[in-house]
Amino acid sequence: MIISYILQRKKLKNIIIVTGFLSWIVLILNFIFPIQTEKPYATLIYSQDKELIGGFLSTDEKWRMELYPNEVVPELKKAILFKEDKWFYWHFGINPVAILRAAVKNTLRKKRTSGASTITMQVVRLLYPHKRTYWNKFKEMLRAIQLEMNYSKNEILLMYLNYIPYGGNVEGVKAAAYLYFQKPPDKLSLNQIILLSLIPNRPNYLRIDKNFAALHQAKTQWIEKYKKHKVFDSTLLNEASKEPTTCVRHSILTLSPQLSYVLKKKYPERQSIYTTIRSDIQKNTAKLLKKHVSQHQSTGVTNGAALIVDNKTHQVVAYCASADPTDLRTQGLVNGIEAIRSPGSTLKPLVYGLAIQEGYITPQTRLLDVPTDFGGYSPQNFDNTFQGEVSARYALINSLNVPTVRLARQIGIEKIIQMFADAHIKDAQKRKKQLGLSAVLGGIGTNLEELTAIYTAFAHQGVWQPLRYLVHEDTLNLPKVPILTPEANFIITDMLSKLSRPDMPTQFSNLENMPKIAWKTGTSYGKKDAWAIGYNPVYTVGVWLGNFSGKGISNLSAAQVATPLLFDIFYTILHKNQSYLWFKAPKNIDVRYVCSETGLLPSAYCPKEKEVMDVYIPYISPNAVCDRNQLLYTSTNEQYEYCKHCLPKTEYIQKVYPILPPELVIFYQENKINFSLPPPHNPTCDRLLSIQGPQIISPLPNYEYVIEKNNPMEVVLQAASESRVRTHFWYINGVFYRKALAGEKVFYKPHNTITKITCTDEMGRSSHIILRVKWV
């Protein structure tokens, strides 16, 4: 007994030693020859509501989409395990009973009729494809054990579901679910689950789109097996057997291929990108965009783009970069949201906002809209007409060009360009020193994304923030850049929300429950681009229509082409029968009465009926008193005006006359517009008046004229004076040249490189400039 006990203990010790030694060998081999389980996955783009909206092949050109544990439904798990490996959760990678059974059957029948591969062994074969030999089968079993050592059962099952083939370049349940059934894997029906459990055994033979008859036959057989073994409820299996199945391989749904490409390029390492896009808004916006572009095709419009931002979160909820991405004829794959184009008049609100913020104007301030030469740059209005004098509000919503450029010159173009740069217009940041006054009318490159972000700032009290494209993006570190004060921003919004304007679509003007928005349109030079960008407290929408080729369209008008689409999006998609609160006025905003003739505080001589209400910013807005209407002393017959120096003791009267700006006087005279003139000053008066002398408007100061020596051109001499002045006297280098009516154009042919030009009125008041000429 003692000897037997000793022998048994020695035997157990040897077993423990051998087992320990073998374990060390296995661990060392596992370390030296680690199993590689990773395969590259396709990049998938999802909407905010987790709908697949785009995708890209994996780096090895496969539709292999990563399946996550929460996407594996119990029915899929049961179907796969029953069919492939009933003892999956009990074995250690290989099933000895199955191996023995397969060996006996295959030996007796002298051919392979039964397999013994477990799911773990199949995963190894998917990771390390090889020919079917006994040696490779042995290595496969070793690797299966190794896989079980390193991963849990659920992780191995997930690998299997991710890597099993479905014919062609389709691998994994998730890819098959989307490509064959256009559904996520957790939304598959039992019929579809059974079909997907059958295909991997013979993926190219049983492909749905290649041999559906054979697949259907196999499905019928397996449904009977599932019934026999009560894997699923018989009622559910009967329904599955009757469920119709399409026999088509679909393409991956791409709601916005351009956005998918942008995000794939920006985040190349991410396999799943969850965007802020709302699929319902995206789809409806795409339909509207295509419809409106189609309506204007006869005019030459072939494409368009639309961008919608949720103002509460700065999230982009719709990104339609072209009217039809599948239409290669109209370059449908071009990204119309990122394409650099001229913004037309869409940047004007920034100019007016800065002018309000700096205290130059209020909405009722009168601005000149007259032909003006800005150093060789002479902008025209859209309709090639001028209106003389208009309010700032009118100039902005009617998109007049000259008042905008005059304001920009008054503020300083450097400040304007800096403001554009602060608003993240990349062209302004790159060419800050090269850009000039034309930038405020569209002479700068920008795109729909930049413009929509700027108008989103208008919906956030003038604070710019970058647009968000990812749901889980870090918002704490996003930059915030004030581009307007809350007061100036509110006044601009108020100006842009007025409905009585030429770019109001007629089909929406009398519509009930039309959502209130503030908006601005723009048509670029050459009529290549039609823009409309609008916002309210809830959404900001930017739209563009035109041609990706850059071809101009003779009758293109943003008011007729882009604005109807903008309003259609707000009304039919975003706010139909919905109400919301409008922007709240900042505390430092007030209202006052001003004279409508100047926009300044009324004087004692301003007619009461011409007083209008105006919004202003206390201590910042202009506080001057209107001087348009002035009380003058005149002769009783109103032939002459008197000053206090020459006022007679009797035979005079007092009367109020309008004193117009000099350039407005010239405009009225040249266009034969009737206006009231005060009488000329007493010719016998020998005292100079204190008011300003002639304002030389041509030639321009600080400007070099380039003139050909062999064909010298004449330079226009023109000066503007207030309405009491009748006559101008021109001098060249101190020598009298010509007498002319005030505002009359006089022509002079230069002879020298530098010439002093002087203009004097009948009261002896004068001004001068230096004319510089470069001879070529």
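How many of the eleven residues of helix α19 (residues 486-496) are buried? Ten of them are, and the helix is mostly covered; buried means under 20% relative accessible area, exposed over 50%, and partly exposed in between (1.4 Å probe, protein chains only). Helices (H or I, at least four residues) and strands (E, at least two) are DSSP runs numbered from the N terminus. The model is predicted: local features need pLDDT of at least 70 and side-chain atom pairs count only at pLDDT 80 or more, while totals for chains, interfaces and linings use all residues. Residues are numbered from 1 along each chain as its sequence is written, and side-chain values use heavy atoms, with hydrogens and water left out.

The buried residues of α19, among them F490, I491 and I492, pack against elements including α13 (348-357), α18 (448-458) and β16 (611-616), contact meaning heavy atoms within 4.5 Å.

Salt bridges, defined as a side-chain nitrogen of Lys or Arg within 4 Å of a carboxyl oxygen of Asp or Glu, number 24. In the pair R406 and E663, the closest N and O atoms are 2.9 Å apart. R406 belongs to helix α15 (residues 401-411) and E663 to helix α22 (residues 662-670), so the bridge ties together parts 257 residues apart in sequence. R406 is buried at 15% relative accessible area, and E663 is buried at 13%. D280 and R278 also form a salt bridge, with closest N and O atoms 3.7 Å apart; D280 is partly exposed at 38%, as is R278 at 28%. A network of salt bridges links D60, K62, R64 and E171.
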